[in-house]
Amino acid sequence: MLIEMGRPVILIHGYSSEGTAFNRLHEELTSRNIQAEDINICSYISLNNEITIKDIAEGLDRAFRTHGVLNKENQDFDAIVHSTGMLVIRSWLTNYGAAVESNKRLSRLKHLIGLAPATWGSPQAHKGRTWLGALVKGSRELGPDFLNAGDQVLDGLELGSKFTWDLAHEDLLGDAPYYDKGPRTPYVTVFIGNGHYEGISSVANDPGTDGTVRWAGCGLNTRKITLDLTRTPIGQDGKPIRRATMSPWAENRLDVPIIAVEGRNHATLISDPEKGMVDLLVDFLNVGEPSGETHDQWLARAVEYGKQALPKMLVNPGAGAAGLEGEAKKFFEHLIGMQEDTMQGWQQFVVHARDERGDGISDYLIDVLTKDQNGDWTTFKEMYTDVHAYGADQSYRCFHVRLPQGSTEGKVPLKIRIHASTGTDLMVYQGYSWEGPDAAKTEMTATSGPVELDISNLQGDARLFFPFTTTLIEIVLNREPYPLGEISKVLRWVDPKG
């Protein structure tokens, strides 16, 4: 099938890779009547410790402006990106904060295809900044970048990074969606392999991943939950809000779930592209065109295609997941309980804790509770898998959880328990546990109890658990001089008489 009007296609690779990674995919595209002269493969530097993902996006814009065809601001194009390439193109699309209706970059890009995209980073990123990471992934070319591992790029790729948090607020959570069903924004889809690495590379395998990125961290369907535990929660419009709120699903927003691909991992998804995936990929480049399908029609076919790969992604980690051997296996057995059953999927939660002034809270604990058979609140142990604190700012954390059967129906009673510490007896965090003027206040010190909030009913029929997605949670607490209700230790009046 031909792409309408010979529209250019750009291919953007991932971290520590290069343009040649797309050789096989290039062959597959040209064999399906996509003209070779319309395919433009990028190759960028990521193994430099001073280069950021935003820098690479700026480099992409420079490349557009010097290209013989893409230098025209009204020239439409399509993009196929692998891994970190998704963060590069999304960063470019933000266009320095331009409003959606006036963002020319959004209207130029017609179709965006993510192949194992690092939409929310990678569990491998924080390991790459170590000396071992430099030996494995570092630059091999003699010169100023020798054995550089790309510290700034890896910082953006780290789980729970401020970069991915801020980027999501720009393009995924705005009132006007960057990716809607209309012609002025790109159609977007995501493919992800259901396999892991084999051989020596299997050391990188983590449960719920394709070897490099998490299945739950690839799609672009996301929501944000705000838990405002300050004395009087106030929204951006200056009006009172509930303590627990969930961002609405923007009207006309595009549905961008993951499409699973059988037998492929992070690397082989592009080095050995599956025929059915490539057929769908080429068809997607015509979605919305006069000769193409509607997005809903194409997505229905793609979801049906992905069903054959989903069963392997729903297996409990105890039932043969790659990478769980020896001490690691014992750890997970203790942590989540190994069972030979299936789950409803995996989910990520990226949490940011801050005070009412906007400053991060780095020392905090968060637990999710549910009711046991006796009706008592207890830790939701079946859900816990892994927690990672973002190295540069531990107020950001990423929770990777498995969803047991029945968890996504919205009927599971849930309570969140939060404890935080300022690290000094001069200041204290405080949180309020329910609505109204008589809300119970908890002063959080090193020895105090936590604040608890029932989140079973966030907003009507809103649900907390969605398989293979990432959900953002923002926790807001008051930070106050101590002791409360009297002159504090931080600042006192001085008696001029001494």
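Biologist: Which residues of helix 9 meet helix 10?
Modeller: In this predicted model, Gly276, Met277, Leu280, Asp283 and Phe284 of helix 9 meet His295, Trp298, Arg301, Ala302 and Tyr305 of helix 10.

Biologist: And what classes do the residues of that contact divide into?
Modeller: The contact of helix 9 with helix 10 has six nonpolar residues, together with two polar and two charged ones.

Biologist: How do helix 9 and helix 10 cross?
Modeller: The axes of helix 9 (residues 275-284) and helix 10 (residues 295-306) cross at roughly 170° and come within 11 Å. Because angles over 145 degrees count as roughly antiparallel, helix 9 is roughly antiparallel to helix 10.

Biologist: What about helix 3 and helix 7, at what angle do they pack?
Modeller: Helix 3 (residues 85-93) packs with helix 7 (residues 162-171) at an angle of about 50°, and their axes are 10 Å apart. The two helices are therefore oblique to each other, and their crossing is left-handed.

Biologist: Which residues make that contact?
Modeller: Helix 3 contributes Leu87, Arg90 and Ser91, while helix 7 contributes Phe163, Thr164, Leu167, Ala168 and Asp171. By class, the contact of helix 3 with helix 7 has four nonpolar residues, two polar and two charged.

Biologist: OK, and what is phi of Ser16?
Modeller: Phi of Ser16 is near 60°, again positive in a residue other than glycine. Ser16 is placed in the loop between strand 1 (9-12) and helix 1 (23-31), and with 24% relative accessibility it counts as partly exposed.

Biologist: Which peptide bond is cis, then?
Modeller: The bond from Tyr482 to Pro483 is cis, with omega near 0°, and Pro483 is found in the segment after strand 18 (469-481).

Biologist: Last one, the whole chain: how many helices and strands, and what share of the residues is buried?
Modeller: The protein has eleven helices and 18 strands, and 54% of its 498 residues count as buried. The accessible surface comes to about 22700 Å², with 52% of it belonging to carbon and sulfur atoms.

Technical notes:
Residues are numbered from 1 along each chain as its sequence is written. This is a predicted model: local features need pLDDT of at least 70, side-chain atom pairs count only at pLDDT 80 or more; totals for chains, interfaces and linings use all residues. Side-chain values use heavy atoms; hydrogens and water are left out. Axes are lines fitted to C-alpha atoms, for helices over the stretch in contact, and angles run from 0 to 180 degrees between N-to-C directions. Helices (H or I, at least four residues) and strands (E, at least two) are DSSP runs, numbered from the N terminus. Angles under 35 degrees count as roughly parallel, over 145 as roughly antiparallel, 65 to 115 as roughly perpendicular and the rest as oblique. A crossing is left-handed if the near helix is turned anticlockwise from the far one by less than a right angle, and right-handed if clockwise. Contact means heavy atoms within 4.5 Å. Ala, Val, Leu, Ile, Met, Phe, Trp, Tyr, Cys and Pro count as nonpolar, Asp, Glu, Lys and Arg as charged, and the others, Gly among them, as polar. Buried means under 20% relative accessible area, exposed over 50%, partly exposed in between (1.4 Å probe, protein chains only). Accessible areas come from the Shrake-Rupley method with a 1.4 Å probe; for residues, only the protein chains shown count as cover.
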